[in-house]
Amino acid sequence: MQEIDRTAPAPEGWRVELIGVPAGAEVRLQLRLESVMEGVLVTGDLDVPVTGSCARCLEPIEDTLHLDVQELYAYEGSTTEATSEEDEVRRIEGDFLDLAPLVRDTVVLNLPLAPVCTEDCAGLCVDCGQRLDDLPADHHHEIVDARWAGLAEKFSTPAASTPSSSPGTPGEIPTTEEN
């Protein structure tokens, strides 16, 4: 058994759309390597800094992911290697274990697809684009449907200037009747 406590710089490309690990950031590995019948069992913790944008309000996010890892690296010719698909098992290459793919896969698969700055982030106002958490509670916009704008305009004018209604159907030209 061997324990490893190291930090390594993160390579470029460990990210999803809105959040990722900055290139060169310090990734801390606290791993335990144990010899087992089929190979070497790697268990431990990863501490990875991440930066990105909130999916709701686009504010910057900085956080650290604390991840657990456990993976078996199989010896060449072991039962695990023989009974598993080519891409399902990690292999020991000579006397070396390539931990980079394990760390990359663990980090990228655990990145949130829709990160949020806070769990109760309200997002952005759909009308003005301002962050709703920064606006007053009574924030709203008066929106008149374009199809009703003419009618709303008619009713918003003073009563003295509105023409009196006449009998008939809409669009019909009123005729005067003589008695």
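Reply: Happy to. Confidence in the chain is at its lowest in helix α1, residues 79–83, with a mean pLDDT of 65, and at its highest in strand β2, residues 19–20, where the value is 97. Here pLDDT is the predictor's own confidence in each residue, on a scale from 0 to 100. Helices (H or I, at least four residues) and strands (E, at least two) are DSSP runs, numbered from the N terminus.

This is a predicted model, in which local features need pLDDT of at least 70, side-chain atom pairs count only at pLDDT 80 or more, and totals for chains, interfaces and linings use all residues. Residues are numbered from 1 along each chain as its sequence is written, and side-chain values use heavy atoms, with hydrogens and water left out.

The average pLDDT over the chain is 84, and 82% of the residues score at least 70. In residues 159–166 the pLDDT falls below 50. Beyond near neighbours in sequence, that stretch has 3 contacts in the model (heavy atoms within 4.5 Å). Where pLDDT is low, the predicted coordinates should not be read in detail.

Now to the part you asked about. Searching the whole structure turns up 7 salt bridges, each a side-chain nitrogen of Lys or Arg within 4 Å of a carboxyl oxygen of Asp or Glu. One of them pairs R90 with E71, whose closest N and O atoms are 3.7 Å apart. This pair links distant parts of the chain: R90 belongs to strand β6 (residues 90–91) and E71 to strand β5 (residues 60–74), 19 residues apart.

R90 also forms a salt bridge with D105, and there the closest N and O atoms are 3.0 Å apart. Since D105 sits in helix α2 (residues 100–110) and R90 in strand β6, the pair ties together parts that are 15 residues apart in sequence.

What about the surroundings of D105? D105 is partly exposed, with a relative accessible area of 26%; that label covers values between buried, under 20%, and exposed, over 50% (1.4 Å probe, protein chains only). The side chain of D105 also meets that of R104 in a salt bridge, at 3.1 Å from N to O. R104 is partly exposed as well, its relative accessible area being 37%.
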